[in-house]
Amino acid sequence: MQVDFYQDLFAPFGNITTRKMFGVDGIYCDGLFFAIVAEDELWLKTDDVTRAAFEAAGAEQYIYEMKKKSTPIPYYRAPEDIFDDEESLRFWTQQALDAALRARKPSKKKKQ
């Protein structure tokens, strides 16, 4: 699927932008990096709070391959039903957005 498809899919959640990085397309919602498109698949961000839900749904973890080294990263394949079930789309996208928000490093405030 094209990245444009994902921009349309996630449009109800905010301003969706994409950026190519390390051979994948990163997907951002209002500047929050919450998903990637790799190997023509959608992968959603997880963390210690959300990982169990993805695993219980049978989602597979993304393994980043580089220079003969495999590294699991905190993104899991999106459940297929998000593409035809609005409730599922809302649930899984919110899980990914929440994980991305928790992972966001606090910005350093300028000293006055």
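Good morning. The structure is a predicted model, in which local features need pLDDT of at least 70 and side-chain atom pairs count only at pLDDT 80 or more, while totals for chains, interfaces and linings use all residues. Residues are numbered from 1 along each chain as its sequence is written, and side-chain values use heavy atoms, with hydrogens and water left out.

I begin with the fold. The protein has three helices and six strands; these are DSSP runs numbered from the N terminus, helices being H or I with at least four residues and strands E with at least two. Read from the N terminus, the order of elements is α-β-β-β-β-α-β-β-α. The radius of gyration is 14 Å, close to the 13 Å that the globule rule gives for 112 residues, so the protein is as compact as a globular protein of that length. Here the radius is taken over C-alpha atoms, and the rule is 2.2 Å times the number of residues to the power 0.38. Along the principal axes, the C-alpha atoms fill a box of roughly 50 × 40 × 30 Å.

How much of the protein counts as buried? The share is 38% of the 112 residues. Buried means under 20% relative accessible area, exposed over 50%, and partly exposed in between, with a 1.4 Å probe and protein chains only.

I turn now to the salt bridges. The structure holds six of them, each being a side-chain nitrogen of Lys or Arg within 4 Å of a carboxyl oxygen of Asp or Glu. One joins Asp-25 to Lys-20, at 2.9 Å from N to O. In this pair Asp-25 is buried at 13% relative accessibility, whereas Lys-20 is exposed at 67%.

Another salt bridge pairs Arg-77 with Glu-41, at 3.2 Å. Arg-77 belongs to strand β6 (residues 69-77) and Glu-41 to strand β4 (residues 41-45), so the pair ties together parts that are 36 residues apart in sequence. Glu-41 is partly exposed, with a relative accessible area of 25%.

A further salt bridge brings together Asp-47 and Arg-102, at 2.6 Å from N to O. This pair links distant parts of the chain, 55 residues apart: Asp-47 is in the loop between β4 and α2 (51-56), and Arg-102 is in helix α3. Asp-47 is buried, at 15% relative accessible area, and Arg-102 is partly exposed, at 42%.

Which residues gather in a patch of negative charge on the surface? They are Glu-80, Asp-81, Asp-84, Asp-85 and Glu-87. Such a patch is made of residues with over 30% relative accessible area and no salt bridge, like charges being joined within 9 Å.

Finally, two loop residues deserve mention. Phe-22 lies in the loop between β1 (16-21) and β2 (24-29). Its phi is near 50 degrees, a positive value in a residue other than glycine, and Phe-22 is exposed at 69% relative accessibility. Glu-39 sits in the loop between β3 (32-38) and β4. For Glu-39, also a residue other than glycine, phi is positive, near 55 degrees, and the residue counts as exposed at 60% relative accessibility.

Thank you for your attention.

Notes. Patch = residues over 30% accessible without salt bridge, like charges linked within 9 Å, V, L, I, M, F, W, Y side chains within 5 Å. Areas by Shrake-Rupley, 256 points an atom, 1.4 Å probe, with all protein chains shown as cover. Lys, Arg positive; Asp, Glu negative; His and termini not counted. Charge placed at Lys NZ, Arg CZ, Asp CG, Glu CD.
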